[in-house]
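Subject: Structure handover

Hello,

Here is the structure for your files. Please look through it before reading the notes below.

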Amino acid sequence: MNSKAWLSIILAGLFGECMRVFAAPLNQEQVSVQEVLDPYPGKARLTFKPDGTFKLTVFSDLHFGENPWDSWGPEQDVNSTALMNTVLADEEPDYVVINGDLITGENTFRENSTSLVDEIVAPLNKAKIPFSSTHGNHDNQANITHEEEILREQKVAPLSYTRMASKGVGGVEGPGNYWVPIYRNVQDRAPILVLWFFDSRGGFSPNPDSVPVPDWVDESVADWIVSESQAMEQAWGPADSRGAVAFVHIPPHAIQVLQATLDPNINPGLNADLLGDGSVQDTTEEFEGKDQPFWDALNANVKNLHAVISGHDHGNEWCAREPTKDVIFCFDKHSGYGGYDSTGWGHGVRNLLFHTPDPKASVETWIRLQAGDTRARVTLDNNYGR
């Protein structure tokens, strides 16, 4: 082989190596973007059923751990567990949401507070149903925090999809902001439905210097919604190509005014809790409007938002359209036997049934009580509440 041939081989090799080196950062960047948009690499993809349906069952305000110093409190936990077992067996949901106030944290002892999470997730572990949690004001107390509950849940529940946003997102004691993708088929490149979960905080910071925690979704979450939505569009295409449902324990402040104009024919369901101080986010005059950045960002960036769903107010179970954002809001059903209650309210869940993966199609929702009775059935679509 002559010298020119050897020189050609050497130059070709050097050129190929340079291309490999310079290409590496691009490949690494592509990998990092994909990791952001696949937050569950070790878990099975969640999908609609082969018949095109998807059923969500929402438990709310379970309030485990009340009065552990007497027999009444543990009895309520037994009753709540029985309700969960009954509902899960009857409804056979594809996914479950526990929408805040899992534990009455102010009643717990420091040494066993997170072990209550084991009791709460036991029916879900037994039924082998995937699920996610939000957390409420009673989950932030002197002896327990949202972060501690999340970490415990991740440890003891293999099918939990609950997670925390990056440090700095969520503000003081509000780490539980995340989303869960639901696919039409397991092999699809992009999800057809995204479930969003937000941390409305509230309650108190942990001991030894326990102080009140703001009761609204922190302003930092607004920027996070924008950045996550942009990443989704970059990887999956336009936001309008997928549907969404949002869960947050304490109702947004904008919901308070809806109660005065409810129509039992359009907004059926229990309406026994007057919305006022402490019943929605940032109700005190000093802080009013603090959840507005979250509310604006959610409704501006998340398309085909079927509903925003909250618990917190045990005596309400209605849905209504919020006119300033043209979005439907629904209350959960008080599920737990702990927490405040009143005769005739009952205990149960909210169900949501997607009849098709079509992100613009209607979604059916209703309240199911422990004994199997149903009520407050409405269809969430573009015509509802107009």
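Predicted model: local features only at pLDDT ≥ 70, side-chain atom pairs only at ≥ 80, totals over all residues.

Residues are numbered from 1 along each chain as its sequence is written, and side-chain values use heavy atoms, with hydrogens and water left out.

Cavities: the structure holds two of 30 Å³ or more (sets of points on a 1 Å grid over the protein atoms alone where a 1.4 Å probe fits but cannot get out; lining residues have an atom within 4 Å of a point). Helix 5 (220-236), strand 6 (193-198) and strand 7 (243-248) each supply at least two residues of its lining, and helix 5 gives the most, with three. Among the lining residues are Trp196, Met232, Arg242 and Lys303. The second largest cavity has a volume of about 30 Å³, and its lining includes Phe48, His306, Phe354 and Asp358.

Helix pair: helix 3 (residues 115-127) and helix 4 (residues 146-156) pack at about 45°, with axes 9 Å apart (axes are lines fitted to C-alpha atoms over the stretch in contact; angles run from 0 to 180 degrees between N-to-C directions). The contact (heavy atoms within 4.5 Å) involves Ser115, Val117, Asp118, Val121 and Asn125 of helix 3 with Glu149, Arg152, Glu153 and Val156 of helix 4. Helices (H or I, at least four residues) and strands (E, at least two) are DSSP runs, numbered from the N terminus.

Regards

Key. 1 Å grid on protein atoms, 1.4 Å probe; cavity = no way out; pocket = protein on both sides within 12 Å on 5 of 7 lines; lining within 4 Å. Points joined across faces, edges and corners; volume = space filled by probe spheres on them.
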